[in-house]
Amino acid sequence: MTTNTIFEPFRIKSVEPIRWTTRAEREILLRAAHYNLFLLRADDVLIDLLTDSGTGAMSTHQWAAMMEGDESYAGSRSFERFRASVQEITGYAHIIPTHQGRAAERILFNVMCGPGDVVPNNTHFDTTRANVEAAGAEAVDLLPAEARQPGVRLPFKGNMDVAALEALIAKVGRERIPLVMLTVTNNSGGGQPVSMENARAVAAVCHQHEIPLYFDACRFAENAYLIKLREPGYADKTPKEIAQEMFALGDGCTMSAKKDGMANIGGFLCTNDDILARQEKDLLILTEGYPTYGGLAGRDLEAVAVGIQESLEEDYLRYRIASTAYLGNHIAERGVPIVQPPGGHAIYLDAKAFLPQIPVEQFPGVALAAELYLEGGIRSVEIGSLMFAAAAQMELVRLAIPRRVYTQSHIDYVVEIILQVFARREQIKGLRLTYEAPFLRHFTARLEPVS
Ligand SMILES: Cc1ncc(COP(=O)(O)O)c(C=O)c1O
């Protein structure tokens with residue numbers, strides 16, 4: 001028998017109270033936060049969809065494993081378990097723990113890139129772009145034109161434009177491209193998956209030119225499940241088999257275990273290259289820690305070792321993808337413009353179409369995020385002109401869903417609030433910057449309403 005109810009494949013054992021706020025309180029709080037939701041206290045948020053990064057609920061198995069954490073400085077048992085678990089899935093020779101994804105990025109780009117180099121990616125995430133640029137190289141996004149149209153429904157809008165990759169290699173020369181990256185799923189590009197066919201085509205171009213291919217693997221399990229659902233030939237494979245097949249196409253990966261590692265902190269850098277691995281471990285010792293802990297406690301390594309396997313469980317992935325789609329479909333069927341089709345970890349509102357009266361210089365995404373907070377205490381994040389300035393490809397508001405945290409009624413509440421804001425969208429005004437930091441400005445920017 002099948003039912004339409006989304007079945008959350010877990011019971012709740014420990015609860016965290018949510019503090020209620022009124023609209024009048026939120027008006028004061030929003031002003032005090034300079035219209036930047038990063039500057040709010042989490043206690044002043046009702047439903048926190050700022051990020052799915054490190055915000056998930058851990059399982060009983062993860063908590064139990066944490067008690068087994070071996071805190072030895074060198075050669076801990078926890079590292080052995082972490083390495084075995086990550087290696088079973090990725091197949092890579094060297095598994096280097098880091099405290100989160102951006103630490104892996106910083107080390108990778110520092111070792112592989114320099115001034116004048118160019119790094120292609122389907123779409124760089126903000127920290128990935130910033131770390132490429134901090135190493136003196138240029139970050140180039142190669143998303144096909146149709147993937148930049150939010151309303152277009154295609155199964156794999158995270159794909160890299162393979163013809164554009166070949167053209168870039170021909171234009172700048174193979175020697176200026178130290179690596180190619182593929183982000184699965186494509187977070188900044190709308191949480192959209194990359195197909196196996198596309199990954200295979202990108203890998204073929206890389207092999208032809210002898211350019212290493214690395215995955216930004218933060219949401220590799222969701223990507224694998226979306227391949228299972230959407231790509232011919234994969235319906236009967238397990239998510240783990242699909243993930244293993246994809247990793248086998250590359251030479252290494254960076255990973256934030258705060259996503260599909262199902263942990264609250266952690267990450268890793270993998271490579272098959274022995275020489276690079278030595279250089280990476282040297283840098284790791286300089287800033288993160290000894291290579292058997294990489295800035296993490298032994299108990300964190302245990303949480304990732306268990307969590308990364310749980311992220312591939314089919315019951316979990318079925319619920320995860322269905323719950324994201326439920327939010328997207330319920331607002332889209334009432335006319336709210338979203339990036340279609342719903343992806344893995346988040347729903348992205350198309351702020352440009354939602355608020356056509358606000359020009360991009362007045363940050364329609366930030367204005368929309370502020371309204372969702374005012375209306376119902378929901379915290380989301382702009383992925384558009386504030387985050388990426390001139391490199392912004394779309395004006396989106398991301399509603400990222402923490403793993404195993406919110407129930408169906410929380411999601412129903414989010415649907416209701418979005419529809420209320422949509423009903424009065426014409427009254428919403430733009431914002432102007434009053435302060436910006438020299439890089440990654442969205443985290444600390446201050447804004448005020450345009451009068
Ligand atoms: C695609 C992608 N890459 C890299 C990162 C960086 O990971 P971390 O926040 O753990 O440094 C993120 C985080 O959101 C991400 O979504």
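Reader: Which residues come nearest to the ligand?

Author: A residue is near a molecule if one of its heavy atoms lies within 4 Å of it. Of the 15 residues around the ligand here, R102, N187, D216, S256 and K259 come nearest. This is a predicted model, in which local features need pLDDT of at least 70, side-chain atom pairs count only at pLDDT 80 or more, and totals for chains, interfaces and linings use all residues. Residues are numbered from 1 along each chain as its sequence is written, and side-chain values use heavy atoms, with hydrogens and water left out.

Reader: Which classes make up the shell around the ligand?

Author: Ala, Val, Leu, Ile, Met, Phe, Trp, Tyr, Cys and Pro count as nonpolar, Asp, Glu, Lys and Arg as charged, and the others, Gly among them, as polar. The shell has seven polar, six charged and two nonpolar residues.

Reader: What lies 2.7 Å from a nitrogen atom of the ligand?

Author: A polar contact is a pair of N or O atoms within 3.5 Å. In this case, a polar side-chain atom of D216 lies 2.7 Å from that nitrogen atom. A side-chain N or O atom of R219 is 2.9 Å from an oxygen atom of the ligand, and a backbone N or O atom of G101 lies 2.9 Å from a ligand oxygen atom.

Reader: How much of the ligand's accessible area does the protein cover?

Author: Accessible areas come from the Shrake-Rupley method with a 1.4 Å probe. The ligand has 390 Å² on its own, and the protein covers 97% of this.

Conventions. A polar contact is a pair of N or O atoms within 3.5 Å; within protein, one must be able to donate a hydrogen and the other to accept it, and residues adjacent in sequence count only if both atoms are side-chain atoms.
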